[in-house]
Amino acid sequence: MGLVSVASAVTPSLADRSALVHGILPPETPSGARYLALALGLALVWLSLSLARRRRNAWHAAVLVVLVIAAAHLAKGLDLEEAGVSLLLLLALVRYRRRFDIPGDPAALRPLAGTAVALAAVVAFWTLYDLDRLQAPGWLDDLVLGVGVALLLRATYLWLRPLTELVQQTVAERGTARALVEKYGRDSLSFFALRRDKNYFFSKDDRAFLAYRVIGGTALISGDPIGEPNELEGLVRDFMAEAREKGWRVGVLSASEELLDLYRSVGLRAVEIGREAVVRPESFSLEGRPIRKVRQSVHRLQRAGYSIQARTSADLSQVERDGLEEVSREWLGGWPDRGFTMAMDTLFEEPDPIFLTAQDPEGRIDGFIQLVPCGGGEGYSLSAMRRRDGTPNGLMEFLVVEAIAWAARESVSELSLNFCVFGEILQPASGRC
């Protein structure tokens, strides 16, 4: 209907009907109605996506738009066909009104009210003061119109904005999540569920959970759910049901192959964008031509007098923490810390991570990596990697190699180096990464 209205607005009306309308209505009305039909046609096209997602606020807006657009088609040229189709659409909207059951976002009401007040003020200014009579410059006329259109678009966006959910972790929820991670967290991404920028969704008896966050109407699940294996299917299905009630789309970031059948059974599609890079410390070696550049970096840093120290988060002294914070600030350079699925959002709040620090000959910390436990305490996963500006080339390679050597000494079974984008494409023909 939106496309029909746009097409009708940009094509001439039938001459005999147009003459009849011009004989009844004021001269400027048909032209104004044509512009109105064009604008509302575009509005219907915009609303169609929200209607397809069953949003109640979009239904309210569509009913109003369809009523006005039917009148606009009659006023612009007695276009009975377009008006009739509009009324049929209105009847369909009323007939299937119960299907539009997704609520709007309550958090949008306050900014929506403020925008509505500002828009009303602009309309009042436009109505009460004739700018031409005041001999105002033309740019002021255009400015008022532009501000009004911008406020109208913002009000429409706020009205149609999907339901969001603020991040809220209670002390009890976090305690339950930590216990489940410690007991069932075999995956290399399980520990990252303890970030503080995620919500938790638990199974009915709290024996499994998943971590997620809602962004732009999409619920992003961080890695696989964690908990009792026989609880995972019910947990995922319950979450999908809640997401449908709230109108969320669902995505799982960094899903494992083991649960692909479950994800597909609830309507999700798998897209492989990379693979996890995992090192077995006991079999790692710097020998051979393929790894010569890494070997050269390690030797360069050793000759420069750099040394490595390994500390748990709980064992770091205040001086060491200050040094790590200084490196972190310099590395981030004022940008926010990012991660979500494969990095912690804090450095020291959790006692379990391991820090490997690279110190120059004077003892200053020039870089570090943070490792978090995985695999039930049998492995570690790489989290933060940071260094100062101006450090020797290859410092990070040096840190990673030393972390692998530390893992071998500690009998760590595997070390996950996180995500290798398009790893299946970059993998050599020999099958080795």
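The structure contains 1 cavity of 30 Å³ or more, a cavity being a set of points, on a 1 Å grid over the protein atoms alone, where a 1.4 Å probe fits but cannot get out. The model is predicted, so that local features need pLDDT of at least 70 and side-chain atom pairs count only at pLDDT 80 or more, while totals for chains, interfaces and linings use all residues. Residues are numbered from 1 along each chain as its sequence is written, and side-chain values use heavy atoms, with hydrogens and water left out.

The largest cavity holds about 50 Å³ of space, a volume being the space filled by probe spheres set on the grid points, which are joined across faces, edges and corners. Its lining residues (those with an atom within 4 Å of a point) include Arg 55, Arg 56, Trp 159, Arg 161 and Lys 246. H4 and helix H7 (138-160) are the elements that give two or more residues to this lining; helices here are DSSP runs of H or I with at least four residues, numbered from the N terminus. By class, the lining of the largest cavity has 6 nonpolar, 2 polar and 4 charged residues. In this classification Ala, Val, Leu, Ile, Met, Phe, Trp, Tyr, Cys and Pro count as nonpolar, Asp, Glu, Lys and Arg as charged, and the others, Gly among them, as polar.

The lining of the second largest pocket divides into 16 nonpolar, 2 polar and no charged residues.

The packing of helices may be considered next. Two packed helices are described by the angle between their axes and the distance between the axes. Axes are lines fitted to C-alpha atoms, for helices over the stretch in contact, and angles run from 0 to 180 degrees between N-to-C directions.

H4 and helix H5 (residues 80-95) pack at about 160°, with their axes 8 Å apart. They are therefore roughly antiparallel to each other, a term for angles over 145 degrees. The contact (heavy atoms within 4.5 Å) involves, among others, Trp 59, Val 63 and Leu 67 of H4 and Leu 87, Leu 90 and Val 94 of H5. By class, this contact has 15 nonpolar, 2 polar and 1 charged residues.

Helix H1 (residues 2-9) packs against helix H4 (residues 56-77) at an angle of about 20°, with the axes 12 Å apart. This makes H1 roughly parallel to H4, the term for angles under 35 degrees. Ser 5, Ser 8 and Ala 9 in H1 meet Ile 69, His 73 and Lys 76 in H4. The residues of this contact divide into 2 nonpolar, 3 polar and 1 charged.

A further pair is formed by helix H11 (residues 292-303) and helix H13 (residues 395-409), whose axes come within 8 Å and cross at roughly 95°. H11 and H13 are therefore roughly perpendicular to each other, as angles of 65 to 115 degrees are called. Among the residues that meet are Val 294 and Leu 301 in H11, and Phe 398 and Val 401 in H13. The contact of H11 with H13 divides into 6 nonpolar, 2 polar and 2 charged residues.

Terms used
1 Å grid on protein atoms, 1.4 Å probe; cavity = no way out; pocket = protein on both sides within 12 Å on 5 of 7 lines; lining within 4 Å.
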